[in-house]
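Student: I've got a structure open and I'd like to learn how to read it. Can we go through it feature by feature?

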Amino acid sequence: VLANSLAVTWVARLADPAKNIPLINIAHGWPEKSYANVGKLMNVATKVVAVSPEVKEKLVAGGLNPEKCRVIFNGVNCTPLYRRSTEISMKIRQELGVGAGEMLILTVGRLTPQKAHQHLIAVAEQLREKMPFLRYAIVGRGDREQELLSLIQEKNLQEIVKLTGVRMDVPEILGSADMYLSCSDWEGMSLTIIEAMASELPIVATRTEGSEILLQNSCGILVPVGNVAEMVQQIEKLVHEKNLCRTLGRNARNRALENFSQERMLNELTEFLY
């Protein structure tokens, strides 16, 4: 049994108390304060896959038996992720309110406190006057939807910041954007950053777990968690340095295809499980 949450891991174990079936947990990360409890409770699993070295280190510090755990980086299906044609890109951008000569900064993820979308809204507010051609889209749905919508309205940013809700064409949106911003407070190893990398986007991301492995200096820019001023500064830099944007995007795509594919992840999982 493969479980992707601690709760499901325990449900599976309670369903098989004799431990006849191997139970593997894929540990995607938790807020810092949770590891002291999670680490001990995770020992109920037969084996544990940590998606980044930081996640393993914190689980072991919290009480997980290190012999049960192996680090296997996340991977995604990179096949549908690439730059879109002008025709498709124009259609997507028009739907999101991005006009000719404007730039689209994108983020994708559940609307939860972990993803800290309020920082993207703060970035948009700070750059509104200086760079009025920037447009922003937040793709996803979650408990914070009304809160974020109210914040956008309070700041009078409705024309430049869009909440798209759930979209079934995320690869097309990624392939039509100009830049990716990840402002999470914590991660295990961000899947959406890998998707943005494979889509050849220049990326500004917070320095969360796994981010330094994904975004080496040659393919992305990392900023301190919660540091809106640094996010603003690095976005300004990328807007002005078109060649740097292209270089970061190309390098990010190559790194994603070479190191973070779904095939590589499945091969490593199979080796660990059997």
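Student: Which residue is the bridge partner of Tyr136 in β7?

Tutor: Val161 is the partner of Tyr136 in β7. Keep in mind that this is a predicted model. Strands β6 and β7 (residues 161-165) run parallel, joined by 4 bridges. To get from β6 to β7, the chain passes through helix α6 (residues 145-154), and this β-α-β crossover is right-handed.

Student: What joins β6 to strand β5?

Tutor: There are 6 bridges between β5 (residues 103-108) and β6, and these strands run parallel. Take Leu106: its bridge partner in β6 is Ala137. Here the chain crosses from β5 to β6 by way of helix α5 (residues 118-127), in a right-handed β-α-β crossover.

Student: How do I read the side chains along a strand?

Tutor: The general idea is that in a regular strand the side chains alternate between the two faces of the sheet. In β6, Leu134, Tyr136 and Ile138 point one way, while Arg135, Ala137 and Val139 point the other way.

Student: Are those residues of β6 buried or exposed?

Tutor: All of them are buried. That's 6 of the 6 residues of β6 (residues 134-139), so the strand is largely enclosed by the rest of the structure.

Student: What is the strand order in the open sheet of 4 strands?

Tutor: The order is β1-β2-β3-β4, and the pairing is parallel. At the edges stand β1 (2-3) and β4 (69-71), each with a single partner strand, so one side of each has no neighbour in the sheet. Strand β3 (residues 47-50) is joined to β4 by 3 bridges, and Ala50 has Val71 as its bridge partner in β4. Helix α12 (residues 262-273) packs on this sheet, touching β1, β2 (24-27), β3 and β4. The direction of α12 makes about 155° with that of β3.

Student: Now a helix, please. Which residues of α1 are buried?

Tutor: In α1 (residues 6-15), look for Leu6, Thr9, Ala12 and Arg13, which are buried. They cover an arc of only 120° around the axis, which puts them on the same side of α1. The face turned away from that buried side carries the exposed residues Ala7, Val11, Leu14 and Ala15.

Student: What covers the buried residues of α1?

Tutor: The cover includes β1, β2 and α2 (35-41).

Student: How many aromatic pairs does the structure hold, and how is such a pair described?

Tutor: A pair of aromatic rings is described by the distance of the centres and the angle of the planes. This structure holds 2 aromatic pairs. For Trp30 and Tyr35, the ring centres are 5.8 Å apart and the planes are at 85°, so that pair is edge-to-face. Trp30 and Tyr35 are both buried. For Phe73 and Phe260, the centres are 6.0 Å apart with the planes at 45°, so this pair is tilted.

Student: Where do Phe73 and Phe260 lie?

Tutor: Phe73 is in the loop between β4 and α4 (86-95), and Phe260 is in the loop between α11 (242-259) and α12, so the pair ties together parts that are 187 residues apart in sequence.

Student: Does Phe73 count as buried, partly exposed or exposed, and what about Phe260?

Tutor: Phe73 has 25% relative accessibility, so it counts as partly exposed. Phe260 is at 1% relative accessibility and therefore counts as buried.

Key
Residues are numbered from 1 along each chain as its sequence is written. This is a predicted model: local features need pLDDT of at least 70, side-chain atom pairs count only at pLDDT 80 or more; totals for chains, interfaces and linings use all residues. Side-chain values use heavy atoms; hydrogens and water are left out. Buried means under 20% relative accessible area, exposed over 50%, partly exposed in between (1.4 Å probe, protein chains only). Helices (H or I, at least four residues) and strands (E, at least two) are DSSP runs, numbered from the N terminus. Two strands pair if DSSP finds at least two bridges between them. A crossover is right-handed if, with the strands pointing away from the viewer, the path from the first strand over the helix to the second runs clockwise. Contact means heavy atoms within 4.5 Å. Axes are lines fitted to C-alpha atoms, for helices over the stretch in contact, and angles run from 0 to 180 degrees between N-to-C directions. The arc is that of the directions from the helix axis to the C-beta atoms. Rings of Phe, Tyr and Trp (its six-membered ring) pair if their centres lie within 6.5 Å; planes under 30 degrees apart count as stacked, over 60 as edge-to-face and the rest as tilted.
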